[in-house]
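Visitor: I would like to learn how to read a few features of a protein model. Please take them one at a time, with the general idea before the case.

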Amino acid sequence: MKMKLFIKSVFTIAIASLVSCGGPAEKKESTSKGALAGSAAEKVYVKPGEHDSHYAFISGGFSGQLSVYGMPSGRLFRVIPVFSQDPEKGYGYSEETKPMLNTSHGLIPWGDSHHPDISQTNGSVDGRWVFINENNTPRIARISLETFETEEIIEIPNSAGNHSSSYVTENSEYVVAGTRFAVPFPQRDMPISEMKGNFKGALTFLSVDPEKGDMDIAFQIKMPGFNYDKAHPGRNASSDWFFFTTYNTEEANTLMEVNASQNDKDFIAAVNWKKVEEYVANGGGKKEPARYAHNKWHEEKHMAISEMKDEVLVVDPRDVPGAFYFLPTAKSPHGCDVDPTGEYIVGSGKLAAAMTIHSYSKMVKAIENKDFAGDAYGIPIINFEAVNYGVLNQPGLGPLHTEFDSRGNAYTTFFISSEVVKWNVKDLTVIDRHPVYYSVGHLMIPGGNSRTPDDKYLVAMNKITKDRYLPTGPEVCQSAQLFDISGDKMELLLDFPTIGEPHYAAGIAAEKIKAKSKKIFRLEDNEHPYAVKNEAETKVVREGNNVHIYMSMIRSHFSPDNIEGVKVGDKVYFHVTNLEQDYDVPHGIAMIGAQTSELLIMPGRTTTFTWEPKQVGVWPFYCTDFCSALHQEMQGYVRVSAKGSNVPLKYTLDDEVPGEDDF
Ligand code: RUQ
Ligand code: CUA
């Protein structure tokens, strides 16, 4: 017990000394002011009207979203709603997008997003899609990099705290999702104290359609009940493998900060997904019941459709010999990172003084020689010496994550000592270190987790900012810091605030995305059942208590803009089509008393909100987005009469009924 408490207090002291920050790190930085600071400003300055060279997709953390920044300017371009409702865009409020947030637990309005990863072709980021995981109610999303909209969300059954996710293989064959928390698999009512040996850890492989990107759960591996924290696919020679860090190999279920830190070493799990794929293709695995939602955006219909699935293909690792191994790794590792050559597998033991670097070629040899130190639940544990390439001793305190450049260097973040350390992967020597402000988590080099890093910039994502910005009450922003890594020494260029907690990010050269970015949705392709193609088609139809308004919007009016005959107790559907076919002319719509958000509707798109009027009167609606000089005139009225009144249904624009002869 004494030992346990000792570990605990060392960790607490280290954190405490960090929190009282401002000391040596700050002094260091002040020496870089003056001429140097001037050149840093030039390096991040993007002239008005000019474009950044890179996109950075930064996780929104507990906002549930994904934000899009320019590098090197640090300018925020867009927050893409993914796992949380977003009233600004009407996401999760409009009838068309609500199904995107459907799960086996019903509509979940919020999520915790962690790790974005861009799709790859031949081991390089290709700019087609970005995937991101939701940690809390396990899900994986796919976002189109043509529309910058969420196109698909799939729930992960038998999983909890979906954290070692969403990483893609070299040709985006699979997106991988690993459970952080071990849970009963399948879920059932049982005593928590019986966790050990009975809970399991699901590693889920989602196939990705090479043309359209559509995902599906290909198979789920029922691993021992450890916590699977982070993951990384192999590269080149090791590309058939996927690596996962584990902690709590103790399988403790309470006071984890102590009880899950007992083993001197935990594992990196090595999974040969090619072998599992083959096994499954030959009829291996067992279909087990599981309930999960699969939500897809249907582009032609302009709407998401949610489907409930009821089974999943489960693989027991003991049934696929040669596909699963455990590599002993310094205590409670967090980050799991593979260098661009695929040879070095880096495990960052957040509680250890050393970082563990394993060698892929040694692993292959050890497997051949059966150089094992026993097994865990039937999975062979390779002898540490047989797989270990070396350790990086005392590089800093609290190593978390590592990215790589194309010149054989690794960059590791240290949470406790608040720094980024650059080191040579082959020689295991530290080359440079730079303080960050403060308590850095992930870092990102564009393509830095692929075979072909684009290594000019590095973004460090910090958990704590303290005094870095103007204070904004007790809650201050979290922050990213941009470095120039083109030289021998890292140079700090810029601080910029982020949305939510910036977990991981994914970066890519702007040219890979820019030209194919969508400008409008073509009206002639719009197959939304309530779309109108012109004003003459606009109308209002009553079906019992449901009133469907087929409405259009174009600079600067709605059609129809006067509606009568609506009654208290009706459910009114505004199906609104933006008839514009010009780039950057959205219109919005909001209705007084509607218990939903406004809608922001892109050119050529149809979107729906519902309104259940509670009071008689004449109620206005208006355009929410300043679209033209006459935007303020873009408005209309709905007359609401008492329940049972016989005011006839009537809809007009300029006193004419749209679509009638002289209209
Ligand atoms: S986490 S700070 Cu990726 Cu969610 Cu490491
Ligand atoms: Cu349309 Cu403002």
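Visitor: Does Glu 656 count as buried, partly exposed or exposed, and at what relative accessibility?

Guide: This is a predicted model. Buried means under 20% relative accessible area and exposed means over 50%, with partly exposed in between. Glu 656 has 32% relative accessibility, so it counts as partly exposed. Its place is in the segment after β46 (650–652).

Visitor: Which residues form a negative surface patch with Glu 656?

Guide: The patch consists of Glu 656 together with Asp 654, Asp 655 and Glu 660.

Visitor: How do I read strand pairing, for example between β27 and strand β28?

Guide: Two strands pair if DSSP finds at least two bridges between them. Here β27 and β28 (residues 409–414) run antiparallel and are joined by 4 bridges. One of the pairings sets Phe 404 against Ala 410 in β28.

Visitor: Why is strand β32 described as largely enclosed by the rest of the structure?

Guide: Strand β32 spans residues 457–462, and it is described that way because 6 of its 6 residues are buried. Tyr 457, Val 459 and Met 461 point one way from the strand, while Leu 458, Ala 460 and Asn 462 point the other way; all are buried.

Visitor: How many bridges join β32 to β31, and how many join β32 to strand β33?

Guide: β31 and β32 are joined by 3 bridges and run antiparallel. Val 440 stands opposite Asn 462 in β32. On β33 (residues 478–484) the count is 6 bridges to β32, again antiparallel. There, Tyr 457 has Asp 484 as its bridge partner.

Visitor: Where is Leu 443, and is that residue buried or exposed?

Guide: Leu 443 is in strand β31 (residues 440–444). Its relative accessibility is 1%, so it counts as buried. As a point on sequence against space, Leu 443 and Asn 546 are 103 residues apart along the chain, and their C-alpha atoms are separated by 52 Å.

Visitor: How should I read salt bridges, and how many does a search of the whole structure find?

Guide: Side chains of opposite charge can pair when their charged atoms come close. The search finds 31 salt bridges in the whole structure. One case is Lys 43 with Asp 484, where the closest N and O atoms are 3.2 Å apart. Lys 43 lies in helix α3 (residues 35–44) and Asp 484 in strand β33, so this pair ties together parts that are 441 residues apart in sequence. Lys 43 is partly exposed, with a relative accessible area of 34%, whereas Asp 484 is buried at 5% relative accessibility.

Visitor: With which residue does Glu 151 form a salt bridge?

Guide: Glu 151 pairs with Arg 142, the closest N and O atoms being 2.7 Å apart. Both Glu 151 and Arg 142 are buried.

Visitor: What meets in the salt bridge of Arg 639?

Guide: The side chain of Arg 639 meets that of Glu 564, at 3.0 Å from N to O. The pair links distant parts of the chain, 75 residues apart: Arg 639 is in strand β45 (residues 635–641) and Glu 564 in strand β39 (residues 562–567). Arg 639 is partly exposed, with a relative accessible area of 31%, and Glu 564 is partly exposed as well, at 29%. Elsewhere, salt bridges that share partners join Lys 43, Lys 456, Asp 484 and Glu 491 into one network.

Visitor: What should I look for in the backbone angles?

Guide: Most residues other than glycine have a negative phi, and most peptide bonds are trans. In this model, the peptide bond from Ser 165 to Ser 166 is cis, with omega near -10°. Ser 166 lies in the loop between β9 (150–155) and β10 (167–168). Another cis peptide bond joins Ser 559 and Pro 560, with omega about -10°. Pro 560 is in the loop between β38 (557–559) and β39.

Visitor: Where is Glu 251, and what is its phi?

Guide: Glu 251 is in the loop between β16 (241–247) and α4 (256–259). Glu 251 is not a glycine, yet has a positive phi of about 55°. Glu 251 is buried, with a relative accessible area of 5%.

Terms used
Residues are numbered from 1 along each chain as its sequence is written. Chains are lettered from A and ligands numbered from 1 in the order in which they are written. This is a predicted model: local features need pLDDT of at least 70, side-chain atom pairs count only at pLDDT 80 or more; totals for chains, interfaces and linings use all residues. Side-chain values use heavy atoms; hydrogens and water are left out. Patches are made of residues with over 30% relative accessible area and no salt bridge: like charges are joined within 9 Å, nonpolar side chains (Val, Leu, Ile, Met, Phe, Trp, Tyr) within 5 Å. Accessible areas come from the Shrake-Rupley method with a 1.4 Å probe; for residues, only the protein chains shown count as cover. A salt bridge is a side-chain nitrogen of Lys or Arg within 4 Å of a carboxyl oxygen of Asp or Glu. Lys and Arg count as positive and Asp and Glu as negative; His and the chain ends are not counted. The place of a charge is taken as NZ of Lys, CZ of Arg, CG of Asp or CD of Glu. Helices (H or I, at least four residues) and strands (E, at least two) are DSSP runs, numbered from the N terminus. Buried means under 20% relative accessible area, exposed over 50%, partly exposed in between (1.4 Å probe, protein chains only).
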